[in-house]
Amino acid sequence: MTDPIRRVGVIGAGVMGSGIAAHLANAGVGVVLLDIVPPNLTDEEKSDPAARNRFADGGLKSALKSKPAAFFHKSRAELVETGNLDDDLAKLADCDLVIEAIIERLDIKQALFEKLEKTLKSGAIVASNTSGLRIQDMLEGRGEAFKKNFLVMHFFNPVRYMKLLELVAGPETDPTSYERIETFGREMLGKGIVHAKDTPNFVGNRIGTHAMMLGIQQMVADKLAPEDVDAITGVPMGHPKSASFRTADLVGLDTLVHVADNCYAALEDDPEREVFKVPDYIRTMLERKLLGNKTKSGFYKKTKAGIETFDPYELEYRPKGGDQSIRGTCKALGSEEDVRVRVKKLFEDESPAGIFAWKITSRALLYAARLVGEIADSITAIDDAMRWGYNWELGPFESWDAMGFEAVLARLEKDGLEIPDSVKKMKASGATAFYKDGKVFELSAGEYVARKTDPRNAPLTVVRKGNAPVLKNSGAEAWDLGDGVLGLTYLSKANSLDPEVISMLHQAVDRAEKDFRSLLLVNQGDHFSVGANLFGVVVAAQQKQWDTLEEMVNQLQQAVQRLKYSTVPTVAAPYGMAVGGGLEVCLGCDQVQAAAETYAGLVEVGVGLVPGGGGCMNLLWRALERIPDGADALIDPFVAAVFKNIAMANVATSADMAKAYGYFRHNDGVSFDRARQISEAKARAIGLADAGYHPPAPKTFKLMGDSGISTISMLVDTLVAGGFATEYDGVIARKLANILCGGPGGASRRVTEQDILDLEREAFISLCGEQKTLDRMQHMLMKNKPLRN
């Protein structure tokens with residue numbers, strides 16, 4: 001156990017500093033964000049607090065406007081207090097941690113730390129976000145107590161989305177202070193911690209920049225085009241689609257050059273130093289301010305005629321092109337879903353794509369192996385850094401295993417490349433892989449050691465008990481997860497809802513009530529569920545099989561109701577996209593343990609429908625259940641909010657925002673680290689069972705009825721007349737209004753859940769009979785997207 005971090009100061013309100021401040025606020029931590037007083041203020045502005053705080057206030061405003069969003073929800077910004085270093089340094093006096101994210105100039109950092117030493121309370125920790133300055137140099141002149149409570153916290157941008165947090169201890173850092181920050185970063189911020197050494201650019205940027213620069217340098221040597229390199233170094237290698245040059249455009253060429261230049265200047269004895277030397281054509285791009293996305297022109301730029309590419313040979317833009325055979329090879333390789341199989345196929349490929357890939361991969365693997373012990377003690381630290389900081393699917397040593405340890409080594413030897421002694425010793429020991437049987441071969445130790453893992457990070461395949469599922473059909477399966485929890489997992493494409501999945505929802509509730517204490521909906525893949533696959537809906541509608549269609553919708557509605565009124569608690573663990581029917585299933589569960597990055601919404605209007613799986617009813621009921629019994633409150637604004645969210649297909653872009661929209665309840669859980677979501681969701685299911693769970697009692701409400709239908713219809717008519725919505729949008733909206741107002745007479749009686757479900761189902765089926773809805777659904781099918789209910 002360590003002392004908590006309750007209040008944090010962040011100095012520097014640029015992109016990095018404001019991003020750090022925003023994510024601290026996302027975690028519920030109070031923040032003081034300070035920056036310098038703007039230079040060259042007028043005499044009048046010098047006495048104006050708003051002018052003096054302009055940099056810090058501007059950083060906060062930029063964070064609120066940033067895309068992707070820095071804050072989970074704009075309300076989180078209320079936890080951030082701004083100020084300036086001249087007037088407000090004393091505000092840091094009660095901070096437990098102060099993070100410095102200012103310009104990379106040693107003299108300025110040293111001057112700041114001198115001021116902080118005189119200001120901060122005893123035991124306060126100071127962290128630098130530097131990636132290029134040595135701790136010993138930054139701490140020159142500081143006292144023993146300051147040095148004991150100092151370390152590097154190197155975040156990756158954008159801070160909210162990048163899991164990697166590199167921690168670097170100085171020679172005098174107190175282990176207790178280091179552990180306190182490690183715990184804070186892992187538990188409160190949801191970061192993956194990599195223990196790095198105080199070397200230039202630490203782990204992620206050292207390995208990542210080397211890999212990027214290898215591709216950039218080799219492209220010129222092989223006379224390839226940027227498009228060719230991006231085709232090879234992206235998905236086929238287990239790297240993001242942005243690959244090399246598109247990644248450079250994303251992060252900014254100025255940022256890439258800064259990191260590369262820092263490596264080139266600092267790594268005088270590195271045998272790979274020349275790799276970091278920035279080519280002349282990139283210097284030319286910098287001179288022309290072709291910095292990437294931030295200037296709308298980099299290696300690629302959008303024009304009215306299409307995407308253009310900066311030609312590194314002619315130093316001008318040309319239409320996007322590249323070698324079609326390379327792109328064809330890489331497209332075929334990229335279609336392989338198993339990344340290990342994909343990487344191995346690229347290794348074995350003898351076409352120009354495979355040959356180029358090997359040229360850079362071979363050097364990258366050897367470089368990573370040589371750096372073990374220099375930049376980090378463990379190969380797992382290097383692999384983790386590349387997965388968490390660069391979004392690689394596999395780190396370099398994991399990729400080496402995927403290609404085959406012995407096969408790679410044989411090819412390296414055949415090519416006459418210098419093998420590090422540590423790898424030679426590994427081969428001599430008889431080892432055949434870096435990772436094997438829960439152990440890792442540590443090159444620094446020269447032997448297999450137990451792999452350190454957090455039991456909370458156990459994947460679903462490890463959590464499951466037994467050798468076979470309790471229940472299974474072609475759409476889903478249910479496994480015993482231990483401790484009385486039955487785990488239901490979809491097997492369909494993109495975890496979409498089809499008749500088999502819906503059938504399994506019914507079966508899983510039956511089995512959980514009989515043999516288990518709780519039911520957990522826990523999926524795998526990129527998204528929790530993109531909703532219902534509409535192929536069956538389209539077929540039934542085209543053939544006018546209205547009875548079949550009604551039964552299909554009714555089965556989903558009743559499955560959601562079964563979840564809601566099960567005699568054992570039901571918990572959903574959404575992440576990624578949970579839209580349409582995917583969200584409707586969550587709405588039926590007692591509680592949710594959502595990943596922080598969950599994108600939820602009822603998006604059915606996009607294909608000309610209304611939610612048909614209980615989404616209208618459950619979202620409305622959740623809004624109204626917050627009104628205390630006996631309160632003399634108008635329900636109109638509650639109904640209007642639900643109507644707006646469904647009619648506009650509002651998608652929450654975080655679990656926090658989903659709570660604000662009413663998609664999740666305020667007491668639902670949020671997992672900051674997706675790796676821990678399964679264990680945290682399971683703990684929630686067990687907790688409900690242990691707490692003496694009883695299912696909720698059905699509720700009824702008097703709704704707005706005819707007057708509400710008329711009022712909303714008039715609003716819709718105005719929007720259509722003003723050109724803000726199409727005539728057919730109006731048709732859908734009026735049907736939605738009828739549902740949410742309880743139909744005609746909804747104000748004169750208590751409306752039941754089944755009443756709303758019947759209205760939902762009737763509207764859904766009637767819209768399926770409209771040609772414009774069929775056209776929208778077929779358009780989605782033709783685009784081969786997983787369709788949403």
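Me: Let me start with one proline. Where in the chain is P68 found?
Reply: This is a predicted model. In it, P68 sits in the loop between α3 (54–65) and β3 (80–84).

Me: What is the state of the peptide bond from K67 to P68, cis or trans?
Reply: Start with the general idea: most peptide bonds are trans. Here the bond from K67 to P68 is cis, with omega near 0°.
The bond from N157 to P158 is cis as well, again with omega near 0°. P158 belongs to the loop between β6 (150–155) and β7 (164–169).

Me: How do I class A243 and A649, buried or partly exposed?
Reply: Use the cut-off: buried means under 20% relative accessible area. A243 has 9%, so A243 is buried. A649 has 21%, so A649 is partly exposed.
T199 lies in the loop between β8 (192–196) and α8 (204–222). Beyond residues up to four places away in sequence, T199 touches R206, E374 and I375.

Me: Next, a sheet. What is the strand order in the open sheet of three strands?
Reply: The order is β9-β10-β11, and the pairing is antiparallel. The edge strands are β9 (300–303) and β11 (316–319), each pairing on one side only. From one strand to the next, the twist averages 40°.
Now take one pairing. Four bridges join β9 to β10 (residues 306–311). K301 has E308 in β10 as its bridge partner.

Me: Which ring does K301 lie over?
Reply: K301 lies over the face of Y317, at 4.3 Å from the ring centre. Another charge over a ring is the charged end of R273, which sits over Y264 at 3.9 Å from the ring centre.

Me: How many aromatic pairs does the structure hold?
Reply: The structure holds 19. For each pair, check the centre distance and the angle between planes.
F310 and Y317 are edge-to-face: 5.5 Å centre to centre, with 80° between the planes. Both F310 and Y317 are buried.

Me: Why is the pair of F441 and Y448 classed as edge-to-face?
Reply: Planes over 60 degrees apart count as edge-to-face. The planes of F441 and Y448 stand at 90°, so this pair is edge-to-face, with centres 5.2 Å apart.
F441 counts as buried, at 1% relative accessibility. Y448 counts as partly exposed, at 27%.
There is also a cluster: F397, W400, F405 and F434 form one aromatic cluster.

Me: Which residues is L521 in contact with, beyond its neighbours in sequence?
Reply: Leave aside those within four places. The contacts of L521 then include L488, Y490, L505, F528, L563 and V571. Also among them are A572, A573, V585 and C589.

How values were computed: Residues are numbered from 1 along each chain as its sequence is written. This is a predicted model: local features need pLDDT of at least 70, side-chain atom pairs count only at pLDDT 80 or more; totals for chains, interfaces and linings use all residues. Side-chain values use heavy atoms; hydrogens and water are left out. Contact means heavy atoms within 4.5 Å. Helices (H or I, at least four residues) and strands (E, at least two) are DSSP runs, numbered from the N terminus. Buried means under 20% relative accessible area, exposed over 50%, partly exposed in between (1.4 Å probe, protein chains only). Two strands pair if DSSP finds at least two bridges between them. Axes are lines fitted to C-alpha atoms, for helices over the stretch in contact, and angles run from 0 to 180 degrees between N-to-C directions. Rings of Phe, Tyr and Trp (its six-membered ring) pair if their centres lie within 6.5 Å; planes under 30 degrees apart count as stacked, over 60 as edge-to-face and the rest as tilted. A charge sits over a ring if NZ of Lys or CZ of Arg is within 6 Å of the ring centre and within 35 degrees of the ring normal.
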